[in-house]
Amino acid sequence: MLHPKYERLVSIIRNYESGIVALSGGVDSTLVARASLDALGSRALAVTGDSPSLPPGELQDARRVASEIGIRHHIIETHELENPDYKANPINRCYFCKSELFDKLTTFARDQGYATVISGDHADDVGQYRPGRKAAEERSIRFPLQEADLGKEEIRLISKDLNLPTWDRPASPCLASRVAYGDPIDPEWLSRINVAETYIRNLGFKNVRVRHHKNLARIEVDPAQVPDLLEHRTDMAVELESLGWTFVTIDLTGYRSGSLNRVHMNVTPSQET
């Protein structure tokens, strides 16, 4: 028997008549894509936005997830890095990124005859600092996970019950979320951050952030794994210094969602970063 809230999710999406799902390949958007397929069949399409802000592996994951689910999949290019407001990296940077993405998605949906654009924002997001949500609301994007009152733990539980490959996948926001606010977003540094995080993951650390503070790299892994990470400190320093950082540090507190927001005391940390 399906989880009652999943049945409600499918019922909600069925009322959309047709829809495009913004698919990142993460746990939330994957569940929405599966529910959209169950609700709408061929009237559902998953779309992924590709740009230098997206880790290359995430695009591959989105392709693989769409194939495993069986939903049709399309890739569009987004150009948020051409927007000087985004490149300046203000605290509401995500607003400009999501504005670019949702403008592209709503235009594509209109041109292709789809009634609705669907996002994976969930119930736990309410009340958090998410400037990207404002961009979505301005464009009438729908949030069926919120409409079904589904939070992260339930999303993972239902995803596991449905045998979705993403049920235990860690959050993986865009690479720009690693750059300290006020430091310009540079495509070359985004690429270096991706290389650094890939290197550390290959050492056996699943949840990794390399925070970029000008000439300093601050590495976060799950708190319980910090002692293990310290064993690799010499080799990591050599690797990351070769990528261009002058100083390489390990955050002794470990991974914290939205840690770059801590310098802004009036901001609630976001789970996206």
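At roughly what angle do the axes of helix H2 and helix H8 cross?

Analyst: First, the ground rules. This is a predicted model, where local features need pLDDT of at least 70, side-chain atom pairs count only at pLDDT 80 or more, and totals for chains, interfaces and linings use all residues. Residues are numbered from 1 along each chain as its sequence is written, and side-chain values use heavy atoms, leaving out hydrogens and water.

Now the pair. H2 covers residues 27-40 and H8 covers residues 152-161. Helices here are DSSP runs (H or I, at least four residues), numbered from the N terminus. The two axes come within 10 Å and cross at roughly 55°. Each axis is a line fitted to C-alpha atoms over the stretch in contact, and angles run from 0 to 180 degrees between N-to-C directions. H2 and H8 are therefore oblique to each other. Oblique is what remains once angles under 35 degrees (roughly parallel), over 145 (roughly antiparallel) and 65 to 115 (roughly perpendicular) are set aside.

The crossing of H2 and H8 is also left-handed. That term applies if the near helix is turned anticlockwise from the far one by less than a right angle.

Which residues meet? H2 brings Val27, Asp28 and Leu31. H8 brings Lys152, Ile155, Arg156, Ile158 and Ser159. Contact means heavy atoms within 4.5 Å. By type, the residues of this contact are four nonpolar, one polar and three charged.

Next, the loop between H7 and H8, where Asp149 is found. Asp149 has a positive phi of about 55°, although it is not a glycine. Most residues other than glycine have a negative phi. At 47% relative accessibility, Asp149 counts as partly exposed, a class between buried (under 20%) and exposed (over 50%), with a 1.4 Å probe and protein chains only.

Definitions and conventions: Helix = DSSP H or I, 4+ residues; strand = E, 2+ residues; numbered from the N terminus. Nonpolar A, V, L, I, M, F, W, Y, C, P; charged D, E, K, R; others polar.
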